[in-house]
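Work through these exercises with the model open in your viewer. Each task is followed by its solution.

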Amino acid sequence: SRQRILDYLAVYLGFLDNMATNGYDETRAKDMLGVVISREGRILKINRGLHRLAMAQYVGLPTIPVQVRHVHRTWWQSVTHGTTGAHALQRLRDALPHCRPEQHSGPLTEHPPVDVGPDFWPIPRYHAGKKSP
């Protein structure tokens with residue numbers, strides 16, 4: 001019904017307003033946003049959390065916590081340089097903060113990406129350490 005749709009959207013607007021005021025609160029989510037690391041070392045969004053990601057982008061959050069679910073073997077090998085065990089994991093931990101989100105479609109994309117232009121996203125509403133009015 002119309003009212004159920006409005007009620008559903010009101011929940012998301014509440015999440016959006018809270019995120020704009022307080023930043024990302026991972027305790028409100030049922031699960032972590034899952035990502036994978038591509039062969040080029042880029043972050044690719046997978047599984048759940050698309051609404052949360054879109055809201056975080058909309059309000060201008062600079063970062064959000066994610067859970068790395070998979071790492072491409074080629075990138076793993078380039079980062080670990082043949083090490084194993086704890087040493088390889090330490091190299092991985094050191095390299096992950098340098099990974100950046102993928103911004104472009106891959107070669108297998110069937111539809112060309114839409115150029116939304118520089119004015120697509122609104123001015124960020126979130127400022128760390130400052131509560132919105």
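**Exercise 1.** Determine how many residues of strand 1 (residues 33-37) are buried in this predicted model.

Solution. Apply the cut-off: buried means under 20% relative accessible area.

One side of strand 1 holds Leu33, Val35 and Ile37. Gly34 and Val36 lie on the other. Both faces are covered.

**Exercise 2.** Find which strands pair with strand 1, and in which sense.

Solution. Start with strand 3 (residues 66-71). Its pairing with strand 1 is parallel, over 5 bridges. Within that pairing, Leu33 has Val66 as its bridge partner.

Next take strand 2 (residues 42-45). Here the sense is antiparallel, with 3 bridges to strand 1. Ile43 of strand 2 stands opposite Ile37.

Then inspect the connection. Strands 1 and 2 form a hairpin, with 4 residues between them. Gly41 sits in the turn and has a positive phi of about 85°.

**Exercise 3.** Locate Ser38, and decide: is Ser38 buried or exposed?

Solution. Ser38 belongs to the loop between strand 1 and strand 2. Its relative accessible area is 9%. The cut-off for buried is under 20%, so Ser38 is buried.

Finally, list the contacts, leaving out residues up to four places away in sequence. Ser38 touches Leu44, His72 and Trp75.

Technical notes. Residues are numbered from 1 along each chain as its sequence is written. This is a predicted model: local features need pLDDT of at least 70, side-chain atom pairs count only at pLDDT 80 or more; totals for chains, interfaces and linings use all residues. Side-chain values use heavy atoms; hydrogens and water are left out. Buried means under 20% relative accessible area, exposed over 50%, partly exposed in between (1.4 Å probe, protein chains only). Helices (H or I, at least four residues) and strands (E, at least two) are DSSP runs, numbered from the N terminus. Two strands pair if DSSP finds at least two bridges between them. Contact means heavy atoms within 4.5 Å.
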